[in-house]
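Subject: The structure, and what turned up in it

Hi,

Here is the structure I promised to pass on.

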Amino acid sequence: MVAKNSIVPRSFLLHIMMHGALMRDSSLPIEIARQMRAYFEHIGGATTRYFRGGSGSAVLLLHGVAMTADSWCRNIEPLARHFDVIAPDLLDNGFTGPGAYRNGPPHEAILDHLQSLIAHLGLRDVALVGSSFGAALSILLYHRAPTVFSAMVLVSSGSTFKSAEELVD
């Protein structure tokens, strides 16, 4: 499903047709399609795709490297029964454009974009859920604006709270 008044890139429609996402014969259960909507909006200088479903306290799902928000599709429906679930494609991933980011470490640009998304949606008391690189971003995002976040779940982060020197000892 695509939200009313959203701009749908042709590539997204081709993806749906080729891979069967959100279609009747898809491996993705129809209930999930009913719980979430795909949005395409210009946020923080980039065309941004995000899934959103449910209502209640906000839960922001951040995917890993070389992934998209689609990696959360099976989680959105059960979470959306209790929460307002938002799963964006990170900057320069999936159907979200690069914005002003051109090269080098993407962390700062991605964090700026995520903060723009949070502000655009008017979110507060957000629970962050990050997988892999998304978990590392969750930690960095929390440190940028700790009063915005109420909880954090880190999945396979590969990150640490210790310095490199402490890890060697």
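In which sense do β2 and β4 pair, and over how many bridges? β2 and β4 pair in the antiparallel sense, over four bridges. Two strands count as paired if DSSP finds at least two bridges between them. Helices (H or I, at least four residues) and strands (E, at least two) are DSSP runs, numbered from the N terminus.

Before going further, a word on what you are looking at. This is a predicted model, in which local features need pLDDT of at least 70 and side-chain atom pairs count only at pLDDT 80 or more, while totals for chains, interfaces and linings use all residues. Residues are numbered from 1 along each chain as its sequence is written, and side-chain values use heavy atoms, with hydrogens and water left out.

pLDDT is the predictor's confidence in each residue, from 0 to 100. Its mean over the chain is 82, and 73% of the residues reach 70 or more. Residues 1–30 are the stretch to treat with care: pLDDT stays under 50 there. Where pLDDT is low, the predicted coordinates should not be read in detail.

The overall layout

The chain has six helices and six strands, and along the sequence they follow the pattern α-α-β-β-β-α-β-α-β-α-β-α. Of the 169 residues, 41% are buried; buried means under 20% relative accessible area, exposed means over 50%, and partly exposed is in between (1.4 Å probe, protein chains only). A contact here means heavy atoms within 4.5 Å. Among contacts between residues at least 6 apart in sequence, 64% join residues at least 24 apart.

The sheet

The six strands make an open sheet with mixed pairing, in the order β1-β2-β4-β3-β5-β6. β1 (36–43) and β6 (149–155) are at the edges with a single partner strand each, so one side of each has no neighbour in the sheet. From one strand to the next, the twist averages 20°. (Axes are lines fitted to C-alpha atoms, for helices over the stretch in contact, and angles run from 0 to 180 degrees between N-to-C directions.)

Five of its five residues are buried, so β4 is largely enclosed by the rest of the structure. In a regular strand the side chains alternate between the two faces of the sheet. In β4, D84, I86 and P88 point one way and V85 and A87 the other, and all are buried. I86 of β4 is the bridge partner of R52, and L60 also stands opposite I86. β3 and β4 run parallel and are joined by three bridges.

Two helices to look at

Start with α4 (residues 107–121). At 1.5 Å a residue, its 15 residues should span 21 Å, and its end C-alpha atoms are 21 Å apart, which agrees; the expected span is 1.5 Å times one less than the number of residues. I110, L111, H113, L114, L117, I118 and L121 are buried in α4. They cover an arc of only 160° around the axis, which puts them on the same side of α4; the arc is that of the directions from the helix axis to the C-beta atoms. E108 and A119, on the other side of α4, are exposed. The buried residues of α4 pack against β1, β2, β3, β4 (84–88), α5 and β6. After α4 comes G122, with a positive phi near 65°.

Then there is α5 (residues 133–144), which lies across β3 (58–62), β5 (126–131) and β6, at about 145° to β5. S138 lies in α5 and is buried, with a relative accessible area of 0%. Leaving aside residues up to four places away in sequence, S138 touches L62, L128, V129, G130, M152 and L154.

Most residues other than glycine have a negative phi. A66 is not a glycine but has a positive phi of about 60°. It is in the loop between β3 and α3 (73–80), and at 70% relative accessibility A66 counts as exposed. D92 also has a positive phi, near 65°; D92 lies in the loop between β4 and α4 and is partly exposed, with a relative accessible area of 43%.

Happy browsing!
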